[in-house]
Amino acid sequence: SSSSSSSSSSSSSPSQPRFLQFTLKGSSGTSPELRDFIRHSDASNLAAALLDVPGAHVAFHADDLFIKEVGCQERTSWHRDTYSERFQTDRQSGIRMINLWMPLAPLSRSDSIRILTGSHGWSFPGSLGDDPRGESIATQILGHGWRDNLESMLPLSENMSREERQGLVASFAFELLEDALGEEFENIFPVLSWSLEPGDVVAFHRQSLHSAKGNSMEWPRIALST
């Protein structure tokens, strides 16, 4: 297969610490280290066990490398990985997927990936969770009719399904609610997060809402997601 890579970064000025993302597709032509990981690591066996399928049926879909430079304040917004074009195409083909997220340097809990507990199983994409306080607090902070109001603020494509729209509106709502609530946010919406070391793996459902803060450590925050 062919290999290609693309990168993106935040819009900060060159003097500001950056958040960099590199997307790699295919295993040929990539770095020797990534080829070795794809061919010889236990990642495919772990995915097979979690998906309950034979190991021979597991394939790497794409690899994303995330780098937040020392002092980077940019956070990764709450989001699901199920709204990407590549996921939608594979889902229609009946392909099952799981995320494996791995730090390539020691990682403090405050700088680690954050996952909203149980969000992969919420009743509908626009849900704010199983705790009824979520809807009540959203109305208090964002106002009545907040879903319609937020939807009008987002640059949503006309081709998006209602499910996609609901999910993106809810993700945006979580951003605003966390800004307003501060530390109280995690008392209402339980968040899973861990201190991690190279060799650790966080495996999670692609419909799980997840995010990350900036980098408060004294070294770059580097992680591989596959």
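Modeller: The discussion below sets computed values against the definitions of the terms. This is a predicted model, in which local features need pLDDT of at least 70, side-chain atom pairs count only at pLDDT 80 or more, and totals for chains, interfaces and linings use all residues. Residues are numbered from 1 along each chain as its sequence is written, and side-chain values use heavy atoms, with hydrogens and water left out.

Colleague: What pLDDT does the chain average?

Modeller: The chain averages a pLDDT of 85, where pLDDT is the predictor's confidence in each residue, from 0 to 100. A score of at least 70 is reached by 85% of the residues. Over residues 1-5, however, pLDDT stays under 50. Where pLDDT is low, the predicted coordinates should not be read in detail.

Colleague: How many helices and strands are there in the chain?

Modeller: The chain has seven helices and ten strands. Helices (H or I, at least four residues) and strands (E, at least two) are DSSP runs, numbered from the N terminus.

Colleague: Why is α4 called oblique to α5?

Modeller: The axes of helix α4 (residues 133-142) and helix α5 (residues 146-153) cross at roughly 60° and come within 10 Å. Axes are lines fitted to C-alpha atoms, for helices over the stretch in contact, and angles run from 0 to 180 degrees between N-to-C directions. Angles under 35 degrees count as roughly parallel, over 145 as roughly antiparallel, 65 to 115 as roughly perpendicular and the rest as oblique. The angle of roughly 60° therefore makes α4 oblique to α5.

Colleague: What makes α4 roughly perpendicular to α6?

Modeller: The axes of α4 and helix α6 (residues 162-181) cross at roughly 75° and come within 11 Å, so α4 is roughly perpendicular to α6. In this contact, Ile-137, Ala-138, Ile-141 and Leu-142 of α4 face partners in α6 that include Ala-173 and Leu-176. Contact means heavy atoms within 4.5 Å.

Colleague: Why is α5 called roughly perpendicular to α6?

Modeller: The axes of α5 and α6 cross at roughly 95° and come within 9 Å, which means that α5 is roughly perpendicular to α6. Residues of α5 in this contact include Trp-146 and Arg-147, and those of α6 include Arg-162 and Arg-165. By class, the contact of α5 with α6 has seven nonpolar, no polar and four charged residues.

Colleague: Which residues have the most contacts inside the largest nonpolar core?

Modeller: They are Leu-116, Leu-128, Phe-174, Phe-185 and Phe-189, in a core of 19 residues. A nonpolar core is a set of buried Ala, Val, Leu, Ile, Met, Phe, Trp, Tyr and Cys residues joined through side-chain atoms within 4.5 Å. The largest share of this core, six residues, comes from α6.

Colleague: How do you know that Asp-52 is exposed?

Modeller: Buried means under 20% relative accessible area, exposed over 50%, partly exposed in between (1.4 Å probe, protein chains only). Asp-52 has a relative accessible area of 68%, and is therefore exposed. Asp-52 is found in the loop between α2 (43-51) and β3 (63-68). Of the 226 residues of the chain, 41% count as buried.

How values were computed:
Nonpolar A, V, L, I, M, F, W, Y, C, P; charged D, E, K, R; others polar.
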